[in-house]
Amino acid sequence: MTIHVALAGAGAFGTKHLDAIKNIADVKVISVIGRDLDKTQEVADKYDIAHVATELSESLKLDALDAVILCTPTQMHAEQAIACLKAGKHVQVEIPLCDALKDGENVVALQKQTGKVAMCGHTRRFNPSHQWVRKRIVAGEFNVHQMDVQTYFFRRSNVNALGQPRSWTDHLLWHHAAHTVDLFAYQARSPIVQANAVQGPIHPTLGIAMDMSIQLKAGNGAICTLSLSFNNEGPLGTFFRYIGDTGTYIARYDDLFNGKDEKIDVSKVDVSMNGIELQDREFFAAIREGREPNASVAQVLPCYEVLHRLEQQLA
């Protein structure tokens, strides 16, 4: 059975999903949705996608449609996920699930009601580097004492990963911190019981803090320190240091090193070295197998509960 998919948001991140899906058998993208019709048509032509729309509602009417991947602006995620579930479609929404806790809770409640697969793009759970560490943790060979994480970008103007102007504003807390808050609890295998945050000045035009520091503690005693910035002039990206009882590991996206900076081979951890592809494979496998996916909206909701507490603290 071929799973028919629509992709909403054909920007920098949406095309990563389109590239990933090309490697997955029996999945076909039949519709692509974007704000600019001409640009969206270019993407459709490049990836041989038959249907183009400027509104998600147009694609949800397609009889053949089974599932939707949402790569739209953060502020639309929860509302659009709800629209997909109400239309009887499975949905994968890119991180973050929401930028207000109540919206995330509404998505989780509707998923339980409909029984459809609803998953959030918490890619760090799927990166081979983090999977390698996870396998050691589950096997009882490694326990996290501390995670030290740096999430650094240079975005003093409102542009996306391709350097193109953005129609919406990104957020250090609700987007970029979400990756680490979820991953820390997932790898510690213990809920976050303490959280603290401080932030730098609010940008005069973007209206967001450009620098932030977060401290977390899990119920089992593990701690995490997260530093985030949109002011950093390189190197860019997110770097994770795992300090544990039997070693130290440094993850740089899909690559992993030990504390002596010796590279660890993670190529055999999963069927691909591409975290986005592995995330998409999990989504489609869960649909086929009628089960809850890793990073289901219910599993990641505790992360957004922590972000909500931190937002209240910062306010």
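**View 1. Helix α6 (residues 128-138) against α7, whose axes come within 9 Å and cross at roughly 30°.** The model is predicted, with local features requiring pLDDT of at least 70 and side-chain atom pairs counted only at pLDDT 80 or more, while totals for chains, interfaces and linings use all residues. Residues are numbered from 1 along each chain as its sequence is written, and side-chain values use heavy atoms, with hydrogens and water left out. Helices (H or I, at least four residues) and strands (E, at least two) are DSSP runs numbered from the N terminus; axes are lines fitted to C-alpha atoms, for helices over the stretch in contact, and angles run from 0 to 180 degrees between N-to-C directions. The crossing angle makes α6 roughly parallel to α7, a term for angles under 35 degrees, with over 145 being roughly antiparallel, 65 to 115 roughly perpendicular and the rest oblique. In this contact (heavy atoms within 4.5 Å), α6 contributes H130, V133, R134 and I137, and α7 contributes L183, Y186 and Q187. Those residues divide into four nonpolar, two polar and one charged, where Ala, Val, Leu, Ile, Met, Phe, Trp, Tyr, Cys and Pro count as nonpolar, Asp, Glu, Lys and Arg as charged, and the others, Gly among them, as polar.

**View 2. Helix α5 and its buried residues, L101, G104, V107, V108, L110 and Q111.** Buried means under 20% relative accessible area, exposed over 50%, and partly exposed in between (1.4 Å probe, protein chains only). The buried residues of α5 pack against α4 (77-86), β6 (118-121), α7 (172-188) and α9 (297-314). After α5 comes G115, with a positive phi near 75°.

**View 3. The open sheet of six strands, in the order β3-β2-β1-β4-β5-β6 with parallel pairing.** Two strands pair if DSSP finds at least two bridges between them. At the edges are β3 (51-53) and β6, each of which pairs on one side only, and the twist averages 25° from one strand to the next. Strand β2 (residues 27-33) runs parallel to β3 and is joined to that strand by three bridges, with H51 in β3 being the bridge partner of S31. Helix α8 (residues 275-289) packs on the sheet, touching β1 (3-8), β2, β4 (67-70), β5 and β6, and its direction makes about 160° with that of β5.

**View 4. Strand β10 (residues 223-229), which pairs in the parallel sense with β7 (residues 144-152) over seven bridges.** In that pairing, M147 stands opposite C224 in β10. Strand β9 (residues 211-218) runs antiparallel to β10, and seven bridges join the two; S213 has S227 in β10 as its bridge partner. The hairpin of β9 and β10 has four residues between the strands, and there G221 takes a positive phi near 100°.

View 5. P96 lies in the loop between β5 (90-94) and α5. The peptide bond from G234 to P235 is also cis, with omega near -5°, and P235 is placed in the loop between β10 and β11 (237-244). R189, although not a glycine, has a positive phi of about 55°; this residue is found in the loop between α7 and β8 (192-199) and is exposed, with a relative accessible area of 51%. D261, another residue other than glycine, has a positive phi near 65°; D261 sits in the loop between β13 (255-258) and β14 (263-264) and counts as partly exposed at 46% relative accessibility.
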